[in-house]
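Visitor: Hi, could you walk me through a helix contact and the way the chains are arranged?

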Number of protein chains: 4
Amino acid sequence: MPAPLTIGLIGAGRIGRVHAANLATRVPGARLLAVADVNEAAARSCAEAYGIPGATADYHSILDDPAIQAVLICSATDTHAQLIEEAAAADKQIFCEKPIALDLPTIDRALAVVERAGVQLQIGFNRRFDPNFRRARQAVERGEIGQPQLLHIISRDPAPPPIDYVRVSGGMFMDMTIHDFDLARFLIGSEVEELYVRATTQDPAIADAGDVDTAVLVLSFANGVIGTIDNSRRAVYGYDQRVELFGSAGAVMIGNNYPNSAVISTAESVRRDLPLNFFMERYTESFVAELQAFVEAVIDDRPVPVSGLDGRVPVVMGLAARRSHAEGRPVRLSEIVG
Amino acid sequence: MPAPLTIGLIGAGRIGRVHAANLATRVPGARLLAVADVNEAAARSCAEAYGIPGATADYHSILDDPAIQAVLICSATDTHAQLIEEAAAADKQIFCEKPIALDLPTIDRALAVVERAGVQLQIGFNRRFDPNFRRARQAVERGEIGQPQLLHIISRDPAPPPIDYVRVSGGMFMDMTIHDFDLARFLIGSEVEELYVRATTQDPAIADAGDVDTAVLVLSFANGVIGTIDNSRRAVYGYDQRVELFGSAGAVMIGNNYPNSAVISTAESVRRDLPLNFFMERYTESFVAELQAFVEAVIDDRPVPVSGLDGRVPVVMGLAARRSHAEGRPVRLSEIVG
Amino acid sequence: MPAPLTIGLIGAGRIGRVHAANLATRVPGARLLAVADVNEAAARSCAEAYGIPGATADYHSILDDPAIQAVLICSATDTHAQLIEEAAAADKQIFCEKPIALDLPTIDRALAVVERAGVQLQIGFNRRFDPNFRRARQAVERGEIGQPQLLHIISRDPAPPPIDYVRVSGGMFMDMTIHDFDLARFLIGSEVEELYVRATTQDPAIADAGDVDTAVLVLSFANGVIGTIDNSRRAVYGYDQRVELFGSAGAVMIGNNYPNSAVISTAESVRRDLPLNFFMERYTESFVAELQAFVEAVIDDRPVPVSGLDGRVPVVMGLAARRSHAEGRPVRLSEIVG
Amino acid sequence: MPAPLTIGLIGAGRIGRVHAANLATRVPGARLLAVADVNEAAARSCAEAYGIPGATADYHSILDDPAIQAVLICSATDTHAQLIEEAAAADKQIFCEKPIALDLPTIDRALAVVERAGVQLQIGFNRRFDPNFRRARQAVERGEIGQPQLLHIISRDPAPPPIDYVRVSGGMFMDMTIHDFDLARFLIGSEVEELYVRATTQDPAIADAGDVDTAVLVLSFANGVIGTIDNSRRAVYGYDQRVELFGSAGAVMIGNNYPNSAVISTAESVRRDLPLNFFMERYTESFVAELQAFVEAVIDDRPVPVSGLDGRVPVVMGLAARRSHAEGRPVRLSEIVG
């Protein structure tokens, strides 16, 4: 058994704590040595909950610690690129939550630093590690559905985020659809060349914030596949995460996950409980699996499964989506330059 | 009990025989008195099979028969408009298969003749009468899903028609998608203002014929709903006819119909038999119900449920779809003029 | 095309009218010439509704009519055996609703008369002709599930019959379970040797009438299969008709039939409409298919698919069930003698 | 936060390691201090894998350690009762895998010792903690299905255990059905008064060992519910664990758990992958939840949720099942005395 990968966590918010819990209990081969958060109390609380030896308000003490081989960047989005650069300069292996940044020049500078440093960078697109979507991808790879022709992604949240977050999120395409962009690329294994957006806003507060909350996107892939993404910020029945892939030899459909399999028949209807409400419940296993994959790749010195480029392309797609929506026309990704 | 509606059938091909069988056995209040087909043997065979008193090669004998109150026009598409005009001139109530014609001037002339004659004209968009799609529409009308926001129609055929038919069909949008255009209008109860098409061709013979066989369309409705239609000429697992409607208070999904409910578990998989293969099996009940609705509306002197205008609009949408595909941009329906 | 089989219908009640409608419209090869009912108005109404030339209060005029080749006996249960004997004596081919009678001596006398007359007798166990249950049987015959080992039948009615009917019905085992006894024999293709009953009564009126309304039966087949039947007179969610067959190579499960495939998701649940409410809706197709099979077998002079013996055995099982319930022990069918 | 409950594990076999892993990572409030196994290498391997401070071949060192408050007994079945007695004498709180023993005198002596010692004893009937079965029980408790009337448990293993184990297992009813006996009591909340067994043996090796491998049991509950259990040692499609509860106001059905939600349609069938293969995958969450419940009950000094009596009754039922099978008749539980 190789020595465990020693890790420092930067950012002890919601997703940071998920990763801390998983590293503490469900990811063999990793050892979380320290946690940093600008809110020192948050860092301490996280350290206590998950048995992490060190807690600090200053992430530099993590970057400076030679005993720490890798960092998890779970801080606010606008700090991601800077932290990636500093971590790379400190020769740490890097796992960073999405997105790297909301603009391409910042992303490209960070990726250049990573490349020069020769460290690995994995982006937190966790849905690739969901057992359902992996099975859909597997159906393609095994030839179970032949040559893919059509793709549909349904991706609806149970409720919009706080309006203050909406204002700084980069907009729905950059904040929410970005996961679907990554999933589309993962499932099809080809790049999107052009996309077209049709969007509306149902929620007046979101309209005031200048954003949309309901959209259909059409993706045209280099390999000829046509895809759609259906987004809503508010599905009253809960988190709706489905995929359909249609090909020359068949189709594969991924349904929602439920808290139980109970079907109840009464004088009114045949019904079941609502699907798992949100990503913390729906994607539990994927958060474990992405970290496990990161840890194993670093230990084995193999390429991580979601690269820096995989972090860049969905941002390009998000920028193209914004432009398509603004101009009411299909936009080629080649139109989007830093 | 009122006197039965007396009917003459023009066209004894596949769909004509379906209607003859239904009138003979499952549509109370109707009496099929004669059938005409340019192929007189076909007319006679149909008459014999379904107990129809008269069979003729010449449809004029039906139009000239004062004992016949209504006609069913089931002949080749390019004869529909002319027959509608002649039937209206003969003061017959009219049921005509879709489409009225492939161009607007012809359609508009026929509708003008119908209007002047003061007869009724119902177009054969049978899917509106399918119990599943009616239930989806009912969910909207009852407020079960609140205000509709998103619509998806999956409509895939098991196999393309003969290539000779493809050449004269007006193209996939006019021949196949036209049913989905009608269904979309029926489900949403609002008009489409703009549409965008992305299409490919998988089958070389269809490419040679200048048509597409795989497409995604985005529909923008006047009431703000965004819809998609997904079409394929070849779904290897059979006829795929599904709908999803998403609204402010929920969603309704319509699945496929199957020949049985058997689920078989073996050492390999948990599986069921393929869905009903094509429209003759899948839409059996809708063919009965549309004729029943026509017969009752005429007898009661109420408006028929699918009007001449309902026959015209999907043709406009088909023309817009062709243009969107040709020009690679969203097309407003207002751009399409006769 | 052979000459149609000419038929007389005895009994114009609910099931008689179902057969009349099917013969009029959906059973090629048959011609219904007359209908008899002790209530002459019922006979006339039936004749008018389905275009039957003759209507009479006296069934003898049907038995005496040499133009009539076959009779359908749909009268009250206590007249079945007598009518079978008279029809056989009149050299008619016979289709008779279940049960032949509630006691074995009466059944055996009727079957003996039929055998001497050399006519055919088919019993109306329609469920054998349901597409779902046929598919389950087919799974056995094709070897899809290997050697059968376990069988479960769920058979629950939406509501009990009128209490006056309960009193003369012969009890739930003879009136309701009898269909499940037949289905069990059909699915397994082997005879039951022993059965055990556990039953309760929920409804006080049924208790007063000396009957049960809720039961589980265990069937031991000659070929080693163990089966259960689950009966209830009152399933508030509607007619519940399911089957599961488990074998050495897999299992087949038959679910309920629904009026539509709509699945509706709201803030409360993911639900669908209730299953088809009762046998008239659930088994529509089976009523057509059983008559079609009778007509074809008689015309082709082949054995009918549900014989007089098939009508006798379930009555033996019903008598055994009564005894098992009364004595609280497993009862072998060989204990039941006329 | 209260001090953690300190625990010693006796038995480092398959289920012991499951509990060790869960205590190490997923059960807050517990601290596993030592593991004992007669195979000392197994104890050491377990200790190393899950970070347990102590490992020993002699369980007495656990019982003698005053720092250890509770023990988990996961050793061979024939040692359970003796270990319960010794642990109670050492004043430890006790969690013991099922069954306590295969005979009532042994069980009763152990329970008496526990009672005198005033410690708690929880039996490892984990299925009560499965989210699906809890939801079924909840449907009863909330009145969603009214008054329960009928219960069905389908419980089939993917493959029989090694024949050497079959020989010492106490037979299928005591080894496998015992879980279903407990589940039945849990779901209905009433005691079984009588049961009837019908069983066969498909596998010659199991027949040689004097056991059955296929069975249907009928349970008669004190509150009038009638239940069935369907067992098979070999379901080729995997672990089949379903429940149906029918009541005066509706029914609840629990289906199997699957590794993913993918539905794949091809030219052959519409299919999904096999259900989770066996209890380690199917009941993962229930193993965590039962330990969590034990730990919390002990810390809070509340009664544990599965008592020593809950461990005794299913053994009585297993003995009654054996007798019913041997004698071919329903057996009342009151006939079974130590």
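**Helix packing and chain copies**

Guide: Happy to! D:Ala81, D:Ile84, D:Glu85 and D:Ala88 in H4(D) meet D:Thr106, D:Arg109, D:Ala110, D:Val113, D:Val114 and D:Ala117 in H5(D), contact being heavy atoms within 4.5 Å. Helices here are DSSP runs of H or I with at least four residues, numbered from the N terminus. This is a predicted model, where local features need pLDDT of at least 70, side-chain atom pairs count only at pLDDT 80 or more, and totals for chains, interfaces and linings use all residues. Residues are numbered from 1 along each chain as its sequence is written, chains are lettered from A in the order written, and side-chain values use heavy atoms, without hydrogens or water.

Visitor: At what angle do H4 and H5 of chain D pack?

Guide: About 15°, with the axes of H4 (residues 80–89) and H5 (residues 104–117) of chain D 9 Å apart. The axes are lines fitted to C-alpha atoms over the stretch in contact, with angles from 0 to 180 degrees between N-to-C directions. That makes H4(D) roughly parallel to H5(D), a label for angles under 35 degrees.

Visitor: Switching topic, what superposes chain D on chain A?

Guide: A rotation of 180° with 0.0 Å of shift along its axis, at RMSD 0.0 Å.

Methods. Helix = DSSP H or I, 4+ residues; strand = E, 2+ residues; numbered from the N terminus. Parallel < 35°, antiparallel > 145°, perpendicular 65-115°, else oblique. Least-squares fit on C-alpha atoms with pLDDT ≥ 70 in both.
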